[in-house]
Amino acid sequence: MSELMVVKNLCKDGILKEISFAINEGEMVAVMGPSGSGKSTLLYQVSGMDRADSGEVWISGTEICSLSEDDRARLRLEWMGFVFQQMNMLKNLNLIDNIMLPACCLKKGKAFRKEAGDRAKALMQKMGIERLAQRKITEVSGGQLQRACICRSMINRPKILFADEPTGALNQSAAQEVMEEFTRLNQEGATILIVTHDSKVAARCARILYLLDGGIKGEFSLAGTPQGKDREEKVNSWLAGMGW
């Protein structure tokens, strides 16, 4: 696999101190660490939502830290998808219009809107929520809403998907359903970086980065370990060794 994202010596506000790592195409990676360790700060820097104090972030051969704010915003729209714990859907739009919104921001015109609508319907069908297309966001469950957020994140066919505590606001059953969708997307080739406190979520990933005191203090590979209880036990054992 080739490297999709390369982070070199990233620093931010004394929270991140010369962070370096790489993510391969098609890889799903978890970032873990105690509260205040800088997990969300790291995600904001590597996705270009905030500008690092120093260091480099390369995505598909483009160094994004040196880009203007407008260019970073355009790149986020074209190359990245985002899923957050707070789902940030617009209350005045139904589910399918919320999902289509990033595509409509990217291009205008009736023909492209139809294409975006067809794409949104296909994504909703994959997520098992196609029957909810016309529902308001207040008329669906938390798990259904988060699946809609995943659809929205994929609408522009991003190179990489960033998820910040995507199951944090969900009950255990809904969280499992959402992680099954992330796993399926990854198996279909999506590259995903997930910030999480949940060892069950991390156990779904191919690799875990452990963030502490502004640096990556450990890395754990789950390559070759089948999904299931043994995988979760290995993750919990490793996390215990890291002081989790």
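This is a predicted model: local features need pLDDT of at least 70, side-chain atom pairs count only at pLDDT 80 or more; totals for chains, interfaces and linings use all residues.
Let me start with the largest pocket, whose lining residues divide into twelve nonpolar, five polar and three charged, where Ala, Val, Leu, Ile, Met, Phe, Trp, Tyr, Cys and Pro count as nonpolar, Asp, Glu, Lys and Arg as charged, and the others, Gly among them, as polar. Residues are numbered from 1 along each chain as its sequence is written, and side-chain values use heavy atoms, with hydrogens and water left out.

A pocket here is an open set of points on a 1 Å grid over the protein atoms alone, where a 1.4 Å probe fits, with protein on both sides within 12 Å along at least five of seven lines, and lining residues have an atom within 4 Å of a point. The largest pocket is lined by 20 residues, and Leu-77, Met-80, Phe-82, Pro-102 and Arg-152 lie nearest its centre. Two or more lining residues come from each of α2 (69–79), β6 (80–84), α3 (95–106) and α5 (142–154), helices being DSSP runs of H or I with at least four residues and strands runs of E with at least two, numbered from the N terminus.

Turning to the second largest pocket, 14 residues line it, and those closest to its centre are Gln-176, Lys-200, Val-201, Arg-204 and Glu-232. Its lining divides into five nonpolar, five polar and four charged residues, and α6 gives the most, with four residues.

Finally, the backbone: Asn-9, in strand β1 (residues 3–12), has a positive phi near 50 degrees.
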